[in-house]
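Colleague: Could you walk me through this model, a step at a time?

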There are 2 protein chains.
Amino acid sequence: MKGSDNTNFIPNLSYDCVIFGFNGKTLKILILEYQNTGFFALPGGFIRKNQSLKEAVDQGVEERTGLKNVFLDQFQVFGSLDRSDSFAMRKILEANNKDIEENKWMMNRFITVGHYALINYEDVDPKPDHLSDSIGWYAIEDVPRLMMDHNDIVDKALEVLRNNISEKIIGMNLLPQKFTMKQLQQVFEAILDQKLRRTSFQRKMLSLDILERHEKLFEGKAHKAPYLYSFT
Amino acid sequence: MKGSDNTNFIPNLSYDCVIFGFNGKTLKILILEYQNTGFFALPGGFIRKNQSLKEAVDQGVEERTGLKNVFLDQFQVFGSLDRSDSFAMRKILEANNKDIEENKWMMNRFITVGHYALINYEDVDPKPDHLSDSIGWYAIEDVPRLMMDHNDIVDKALEVLRNNISEKIIGMNLLPQKFTMKQLQQVFEAILDQKLRRTSFQRKMLSLDILERHEKLFEGKAHKAPYLYSFT
DNA sequence: TGTCTATTGTCTCACTTTATGACAATAATT
DNA sequence: AATTATTGTCATAAAGTGAGACAATAGACA
């Protein structure tokens, strides 16, 4: 939880971010843990009064990952009355020796703008500690119990990712610039949580006319060397 | 603009609503005009501190249309710094003899949650005046210049409607309970702004298994009488 | 060095889905 | 009773997808 000047932020409004990464095998998300509380949560924060929503979210993502210009999309606003948890917020403030009175506004009711981000796992700064929280990758099937309604936010983000996103955006943001057809297929299999047919998948991707084929991959791997592709 | 107790509302946060209706020929949206200002705007409002976002929006739509249980979907949050217009807001308050000092919070910067609604045009209460604003239907190609970024909000709502929505939701909410295949096709043609092939469209709709076929339509129309359908 | 083996790129065939046109049935109009 | 425009349905062609076959290949391994 960053910032402490209670006049600088828009009250009652926050953002939360489901940051997806792909490690080559499974889809993962970034979860942070508030020290000395046992609380897990999504990376999130507040919006300054003289700051656009996008600026606030970009800044929060950069602070957590070290990445700029990350693909980000709002997918839902969570605005129910019962989603806030002033008790947990108080414990977090106490555990970090923050002045309760001064940060009382944080214990109010909050409406949050849910975002998801797609990033290249390899690009992330591996030293994840930030101020009072530690942060780490969790496979989507191993996400722990999170604060407030953050598990719902994750579920919804995944649903939107599965249904609404174009092939190009998924691949461009979750993979390195050059990749093999197999890697591309594995991203889709991880997101959709199902096996795909190799030949059909390849034919489909090539027919979409979004891939550029490069020379061979020499990697120490055995067997026939696959082509490398990038997005056009 | 309803309400005047400046302690009851969440500051800096509003909602706006693109309410779509279909009159049998074209897609229309509800636009309100603030009296004595020449300002056109989307129906919108603020969220009370003890009210969920959904309650606030439902209430605002009901006040404007007389309809309960309207299909509503958030589609984007508009959070740029330059979208607010304190000058216009002041003129609206003045034109309605509201106390400027008491309503000063309304001239602050606002982040707004964009929604769209799909309603049956015939169901709408035809006496549209409400407090200080008059309200009326505009074909989407005839929408006037709106306040602030409301034209952008309309454009985005239409884009989302065209891309993301299931056949059933579109038809169920924009049409009367019983309708002909032709009417259903006209809804889609109005939304997508393109002609569709009659036979393909009919086969597609029937194959989706979302329609129930009823008896004949006796209407004074000439030619072969079409079936009536409703959604299952 | 030569053989083995798993992976890759491509092709084929069957099957499904979609596009497009044809045609008969029909209900008011004449 | 014939006309006419519209509707429901079918026929055929075109495009897309599922599932398997097969040769090419590059490291592994004897």
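Modeller: Gladly! One definition to begin with: Asp, Glu, Lys and Arg count as charged, Ala, Val, Leu, Ile, Met, Phe, Trp, Tyr, Cys and Pro as nonpolar, and the others, Gly among them, as polar. Please keep in mind that this is a predicted model.

Colleague: Thanks! How many residues of the surface near DNA strand C are charged?

Modeller: A residue belongs to that surface if one of its heavy atoms lies within 4 Å of the strand. Sorted by class, the surface near DNA strand C has five nonpolar and six polar residues, and the charged ones number 10.

Colleague: Which helices each supply at least two residues of that surface near DNA strand C?

Modeller: Both chains take part here. The helices are H6 (198-207) of chain A and H6 (198-207) of chain B.

Colleague: What share of the atoms of DNA strand C within 4 Å of the protein belongs to sugar or phosphate?

Modeller: These atoms divide into bases on one side and sugar or phosphate on the other. The sugar or phosphate share is 55%.

Colleague: Lastly, which residue follows H5(A)?

Modeller: Helix H5 of chain A covers residues 181-192. Next comes a residue with a positive phi, near 55°: A:Asp193.

Key: Residues numbered from 1 in each chain as written. Chains lettered and ligands numbered in written order. Predicted model: local features only at pLDDT ≥ 70, side-chain atom pairs only at ≥ 80, totals over all residues. Heavy atoms only, no water. Helix = DSSP H or I, 4+ residues; strand = E, 2+ residues; numbered from the N terminus. Expected span 1.5 Å × (residues − 1).
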